[in-house]
Amino acid sequence: MPAQRTLLVLGATGQTGRHLTTLALEAGDRVRALVRDPAKVGPPRDGLEVRRGSVTDELDLDGLLDGVDAVVSLLGDVRAQRTALVNTAFVRRLVPAMRRTGVRRFLYQAGALSAPPHQRLTPVLWAIRNTIARGYDGQHRDNEAVMRYLADEAPDIEWMVHRAGIGSDGPSKGVLERTEGTPGIGTFGDCAAYDLRLLDDPGAVHTCSLSAYRKR
């Protein structure tokens, strides 16, 4: 990745997206944010380019990706995803546009309760998903369809999926690391910091990993 890169951030006004945008700009990256309501981005900042639009719109994806080094998707709409695979439909349009424009790196943040491609959740995660988190099942089904598409149809793209366990906002609880074990419950800020590190981790390419806090 270039020392100073341009990230296309989808979901930049969301709870993780706001943190990621700020952290990326502080690190010297440029951020191109696609948002429905530019007012929610806040005041202008050096390195931040805001474009109005939604992933459900007919977007000029080639133009949106022009000059971009990597795409970060932090998309989530509980209501819309109850009845439609919103993110899947968009990613199926995004990946061909990435091929056309030569953008190789793609980070997609899903949820810890979304099963990786062609695998099952652990009994504990399955139980949580089907009880206290059952209201988010549409989001997880959408995330799972995205992961299957990437795994089965996009081997040429340097994609990576963070299956994040997010509890709330607040002060940092530590440093998240990739794990195949029990996921941690991260803050939005810690998940954003982890996403930026994951984006530069060659070992994360073509993985759909969980994250957990580094043991002290």
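## Ground rules

Residues are numbered from 1 along each chain as its sequence is written. In this predicted model, local features need pLDDT of at least 70 and side-chain atom pairs pLDDT 80 or more, while totals for chains, interfaces and linings use all residues; side-chain values use heavy atoms, without hydrogens and water.

## The sheet

Eight is the strand count: an open sheet of 8 strands runs in the order β3-β2-β1-β4-β5-β6-β10-β8, with mixed pairing. β3 and β8 (176-179) stand at the edges with a single partner strand each, so one side of each has no neighbour in the sheet. Neighbouring strands are turned by 25° against each other on average, direction ignored. Strands here are DSSP runs of E, at least two residues; helices are runs of H or I, at least four, and both are numbered from the N terminus. Two strands pair if DSSP finds at least two bridges between them.

Strand β5 (residues 105-111) and strand β6 (residues 158-164) run parallel, joined by 7 bridges. Helix α6 packs on the sheet and touches β5, β6 and β10 (208-213). Its direction makes about 150° with that of β5. Contact means heavy atoms within 4.5 Å. Axes are lines fitted to C-alpha atoms, for helices over the stretch in contact; angles run from 0 to 180 degrees between N-to-C directions.

## An edge residue

L48 lies in strand β3 (residues 48-52). L48 counts as buried, at 17% relative accessibility. Buried means under 20% relative accessible area, exposed over 50%, and partly exposed in between (1.4 Å probe, protein chains only). Beyond its neighbours within four places in sequence, L48 is in contact with T21, L25, V31, A33 and V41.

## Salt bridges

The count comes to 13 salt bridges. Each is a side-chain nitrogen of Lys or Arg within 4 Å of a carboxyl oxygen of Asp or Glu. In one of them, E158 and R105 bring N and O atoms to 2.9 Å. E158 lies in β6 and R105 in β5, so the pair ties together parts 53 residues apart in sequence. R105 is buried at 10%, whereas E158 is partly exposed at 31%.

R214 forms another with E177, at 2.6 Å between the closest N and O atoms. R214 sits in the segment after β10 and E177 in strand β8, 37 residues apart.

## An exposed loop residue

I132 is found in the loop between α5 (123-129) and α6 (137-153). I132 is exposed, with a relative accessible area of 73%.
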